[in-house]
Amino acid sequence: MTGPSRILLVLTSVWFIAAAALATRVAFILNQQRKIPHQILATVPFEQETGNIAFALSQGKGFGNLFRQNTGPTAWLPPGYPFLLSLIFRIFGTFTDRSFFAAVLLNALFSAAATFSLYHLARQAASRRVAIATAWLWVFLPAGIMMPFEWIWDTSLSVLLASTLLCMTFHISNSASPKRWLAYGLLWAIAILTNPSLAMALPFFLIWAALRARNLAQLSWRIPAITFALILLCCLPWTIRNYSAFHRFILIRSSFPFELWIGNNDIFDPHASNGMQRITRFEETRHYAQLGENAYLTEKWARAANFIRQKPALFLHLTGRRIIATWIGTEHPLSDFLHTNSLLIRTILLCNFLLTLGTAAGALLVARSRIPFAAPLAVCPVLYPLVYYVTHTSLRYRHPIDPILIFFTVVAIAASCSKKYRTALPTSHAS
């Protein structure tokens, strides 16, 4: 094998690409941590709900104290990531720079590890060339590089779970192996207990995989039924815990009424009669502590529902703004792009605009190609963001499906560069 061939072999190896992804993320972490005093890194990134719950867990006070006050149990967040962060606190110390670096490096590992599932799902759905290009774009996606450092939350872990779930859905769709299906169920349970928004795709993935496996591998209906039962069984202990703590049914997390109210309240209406001007963290924390979680969320649900019912036109307007912000990063992308002095912000806005166009074009090509994997691929960008359209949004909320959006974009680019678009996508079973 000649020198250039060996270099090409290395550059197209998924292991090398994943290592490059980890390197870009670690380089960003090292660059940013030099700019911020370490006593700030040891505390400020943890001053949010995940950090507060993890602190309570590490102190033996249970899953509670949402705002670092003695407010008792909470179901505000799913249990997965706070439990993981509490282990980091126990090993590296509570609110130390060592805990911060352990958390962000673990996030970087999650983000880089998503390269493997992304590569394999792209190869199955399209071709090796598309898979290589998709994986390399993930290496340099600004959001993928920044998120592990910017957010000590489940965001990077959710990226890995979302891409792995889609890849595993492809694999089991031609398998009748009970072990593979049960492993698939366990993965879904972990994902739901980490980020319940991912469950939007569960019924579609499960039904599609079962139908295809039944045709290709004579799968018995009992296996997907048992898989679904396993998912419910794994989530049941947390649901029972929530009922025991709050005396009402809370499947995984309780905070949807608050999220709905945050995005739909009179602060968005200049003609509101109650004169509401702002929402402050201090006031909401105090109010939460006074009422308790149950009463607080009941109140927020009533206020949000009343706002939507009385002002449907404004709700639809706000929803439209949130859709734009979900995909581009801001509600006024053109104005913000023109008026910002930050090259980084302009780069992020431009990347998101191109990613949105690429996703739309690539999804259309995938649908037209009639490949077997078109349906589950389309589910992700269509269904996953829906909850954020009606509540409130951020680029970090969309981030778990960013690898899939990159795949669609690469498909669109490959098709535009090909004389025949079927060189980018197979029209039958994926190779």
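Tutor: A residue counts as buried under 20% relative accessible area, exposed over 50%, and partly exposed in between. Keep in mind that this is a predicted model.

Student: OK. Then is F16 buried, partly exposed or exposed?

Tutor: F16 has 34% relative accessibility, so F16 counts as partly exposed.

Student: And which helix does F16 lie in?

Tutor: F16 lies in helix α2, which covers residues 14-33.

Student: Which residues make the nonpolar surface patch with F16?

Tutor: The patch is made by I7, V10, L11 and F16, and its area is about 330 Å².

Student: Which helix gives the most to that patch?

Tutor: Helix α1, residues 3-11, gives the most, with three residues.

Student: Switching to helix packing. How do you describe two packed helices?

Tutor: You give the angle between their axes and the distance between the axes.

Student: Which residues make the contact?

Tutor: From α15, the contact uses F307, I308, R309 and Q310. From α16, it uses P312, L314, F315 and L318.

Student: New topic: how many salt bridges does the structure hold?

Tutor: It holds eight salt bridges.

Student: Which residue does K311 form a salt bridge with?

Tutor: K311 pairs with D266, and the closest N and O atoms are 2.7 Å apart.

Student: Where do those two sit in the chain?

Tutor: K311 is in the loop between α15 and α16. D266 is in the loop between α13 (256-263) and α14 (281-291). The two are 45 residues apart, and the pair links distant parts of the chain.

Student: What about R321, which side chain does it meet in a salt bridge?

Tutor: The side chain of R321 meets that of E331, at 2.8 Å from N to O. R321 lies in helix α16 and E331 in the loop between α16 and α17 (333-339), so the pair ties together parts that are 10 residues apart in sequence.

Student: How accessible are R321 and E331?

Tutor: R321 is at 23% relative accessibility, so R321 counts as partly exposed. E331 is partly exposed too, with a relative accessible area of 28%.

Student: And E259, buried or exposed?

Tutor: E259 has a relative accessible area of 17%, which means it is buried. The side chain of E259 forms a salt bridge with that of R253, at 3.9 Å from N to O. R253, at 31% relative accessibility, counts as partly exposed.

Student: Which residues are linked in a network of salt bridges?

Tutor: That network links E284, E299, K300 and R303.

Student: Last topic, distances. How far apart are the C-alpha atoms of R286 and Q69?

Tutor: They are separated by 9.7 Å, while the residues are 217 apart along the chain. R286 lies in helix α14 and is partly exposed, with a relative accessible area of 33%.

Note on methods
Residues are numbered from 1 along each chain as its sequence is written. This is a predicted model: local features need pLDDT of at least 70, side-chain atom pairs count only at pLDDT 80 or more; totals for chains, interfaces and linings use all residues. Side-chain values use heavy atoms; hydrogens and water are left out. Patches are made of residues with over 30% relative accessible area and no salt bridge: like charges are joined within 9 Å, nonpolar side chains (Val, Leu, Ile, Met, Phe, Trp, Tyr) within 5 Å. Accessible areas come from the Shrake-Rupley method with a 1.4 Å probe; for residues, only the protein chains shown count as cover. A salt bridge is a side-chain nitrogen of Lys or Arg within 4 Å of a carboxyl oxygen of Asp or Glu. Helices (H or I, at least four residues) and strands (E, at least two) are DSSP runs, numbered from the N terminus. Buried means under 20% relative accessible area, exposed over 50%, partly exposed in between (1.4 Å probe, protein chains only). Contact means heavy atoms within 4.5 Å.
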